[in-house]
Amino acid sequence: MLHSDLTVLVIDENAIRASIIEEGLREAGHLRVTVVHEVNGIARIIENLKPDVIIIDLENPNRDMMEHLFQLTRTVGRPIAMFVDRSDTASIEAAVDAGVSAYIVDGLKKERVKPILDMAVSRFNAFSRLQRELVDARNALEERKVIERAKGILMKMRGLSEEEAYALLRQTAMNEKKKLSDIAQSVVTAAGLLM
């Protein structure tokens, strides 16, 4: 996806600051920009607009507003860049925990909007890739454990060697056109019922 094709949602209660961000985005070639000046009802707007990137600008955010936005950002699964005028360690940590990709304190200048947006997208993509890899690795580990248990059950119940038990699982998976781990899970489940 070309960065200029992105749909960008800007959430900013201050119209002057919002226009700085919007101008920076348009100068960078982003034409699909929606600006919202009200935080209330933002979840519905995000659902309808389905933005590729969200930019949140808060002059001096209060705790409640930050918490509301962080709860929202945890659920949307989009790159988010957040501009704030001042911050503290707790707010920064909360932003990172909430999945904010770029958190900029006291740095709202239109020239900075595009590089910050690009960085937010890149960091979000890198983080998403790591999360997928982690899930894949966990799944692979779980599948291996189930296969090992199934082999153990077959070795014990049918007096097979480890290689024979594995070959039987593999052959059954091929015959039934199923994944090896699914066949192994069936063996483990059946053994649980029979023992």
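Let me start with Ala 18, which counts as buried because its relative accessibility is 1%, against a cut-off of under 20%. Before going on, please keep in mind that this is a predicted model.

Ala 18 sits in helix 1, which covers residues 15-27. What does Ala 18 touch, once residues up to four places away in sequence are not counted? The answer is Asp 12, Val 35 and His 37. For a distance across the model, take Ala 18 and Ser 91: they are 73 residues apart along the chain, and their C-alpha atoms are separated by 22 Å.

Now the chain as a whole. The protein chain has 7 helices and 5 strands. In sequence order, the elements of the protein chain read β-α-β-α-β-α-β-α-β-α-α-α.

Next, the overall dimensions. How does the radius of gyration of the protein chain stand against that of a compact globule of 195 residues? The globule would come out near 16 Å, but the protein chain has 25 Å. The C-alpha trace spans about 75 × 35 × 25 Å along the principal axes of the protein chain.

Of the 195 residues in the protein chain, 37% are buried. The accessible surface of the protein chain is about 11700 Å², and carbon and sulfur atoms account for 53% of that surface. On contacts, consider those in the protein chain between residues at least 6 apart in sequence: 62% of them join residues at least 24 apart.

Where is Asn 14 placed? Asn 14 is in the loop between strand 1, residues 7-12, and helix 1. A polar atom of the Asn 14 side chain lies 3.1 Å from the backbone nitrogen of Arg 17. With neighbours within four places in sequence left aside, Asn 14 is in contact with His 37 and Glu 59. As for Glu 59, it is 45 residues from Asn 14 in sequence, and the C-alpha to C-alpha distance is 7.8 Å.

Thr 7 is in strand 1. Is Thr 7 buried or exposed? Thr 7 has a relative accessible area of 11%, so it is buried, the cut-off being under 20%. The side chain of Thr 7 makes a polar contact with the side chain of Arg 32, at 2.7 Å. Arg 32 is also one of the residues Thr 7 touches when residues up to four places away are not counted; the others are Leu 49, Pro 51, Asp 52 and Val 53.

Last, two lysines to look at in the backbone. Lys 50 is not a glycine, yet it has a positive phi of about 50°. Lys 50 belongs to the loop between helix 2, residues 42-49, and strand 3, residues 53-58. At 54% relative accessibility Lys 50 is exposed, because exposed means over 50%.

The other one is Lys 177, again not a glycine, with a positive phi of about 55°.

Notes. Residues are numbered from 1 along each chain as its sequence is written. This is a predicted model: local features need pLDDT of at least 70, side-chain atom pairs count only at pLDDT 80 or more; totals for chains, interfaces and linings use all residues. Side-chain values use heavy atoms; hydrogens and water are left out. Helices (H or I, at least four residues) and strands (E, at least two) are DSSP runs, numbered from the N terminus. The radius of gyration is taken over C-alpha atoms; the globule rule is 2.2 Å times the number of residues to the power 0.38. Buried means under 20% relative accessible area, exposed over 50%, partly exposed in between (1.4 Å probe, protein chains only). Contact means heavy atoms within 4.5 Å. Accessible areas come from the Shrake-Rupley method with a 1.4 Å probe; for residues, only the protein chains shown count as cover. A polar contact is a pair of N or O atoms within 3.5 Å; within protein, one must be able to donate a hydrogen and the other to accept it, and residues adjacent in sequence count only if both atoms are side-chain atoms.
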